[in-house]
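Hi,

Here is the structure I promised to pass on. Have a look at it first, then read my notes below.

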Amino acid sequence: MDTTTREEEPREEMWEVRISAGITPDDVETILNMAGSSGLFSTDAMMSAEDMAWDCAYGNGEEMQTFLLARIDQEGADRIIGFVCYGPIRHWPGDHELYGITVDPEFRRLGIGSALVAEMIRRVAEEKGKRIFLETGAGRAFENARLFYEANDFAQQQRFCKQFIPMEGGLVYRFNIDAEEADKQYQ
């Protein structure tokens, strides 16, 4: 009879992640802290994020941008662990922009960001959207962001549309909802 005991490794906690649209005034500080702690939002981007967050938190549901939040129930309390903010591009029917996305560092590399992007894409497609654009930095600090976008089927643009030209040091990425139709316009 074998009397040796085997110590089991501690089990990682399992979380049920819910993705929902909309934010409340109570969510704004959490969202802005998460964005700020990522280190990837410039001062201008943080000011825009703050404006968009407060607009959505106190809006009537007709705001141009949408926040999708990833949430978990942690010890009976609702906790935001990630968000994506996106919206239609004015005067560009069918085109949308991903304004910002981040996931709490404790929950990165678990597929939460990809789940947020997938839900955003599903919602844009449901609205008959054709493309989603985003701008990110070209520097080393943004390398993981670029790899994330590429892993989620965003393609870096070499040719720019007059309404979406990157700022100095920026790169533009595009996701095609209907790849065949979108490629005709941007080749």
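Where is the place of Trp54? Trp54 sits in helix 2, residues 43-58 (helices are DSSP runs of H or I with at least four residues, strands are runs of E with at least two, and both are numbered from the N terminus).

Before going on, a word on the source: this is a predicted model, where local features need pLDDT of at least 70 and side-chain atom pairs count only at pLDDT 80 or more, while totals for chains, interfaces and linings use all residues. Residues are numbered from 1 along each chain as its sequence is written, and side-chain values use heavy atoms, with hydrogens and water left out.

Back to Trp54: with a relative accessible area of 34%, Trp54 is partly exposed (buried is under 20%, exposed over 50%, partly exposed in between, using a 1.4 Å probe and protein chains only). Leaving aside neighbours within four places in sequence, Trp54 is in contact with Pro25 and Val28 (contact means heavy atoms within 4.5 Å).

Now the rings. The whole structure has seven aromatic pairs (Phe, Tyr and Trp rings, with the six-membered one for Trp, pair if their centres lie within 6.5 Å; planes under 30 degrees apart are stacked, over 60 edge-to-face, the rest tilted). Trp54 and Tyr58 have ring centres 5.9 Å apart and planes at 15°, so this pair is stacked. Tyr58 is exposed, at 60%. Phe154 and Phe175 make a tilted pair, because their planes are at 50°, with centres 5.4 Å apart. Both Phe154 and Phe175 are buried.

Cheers
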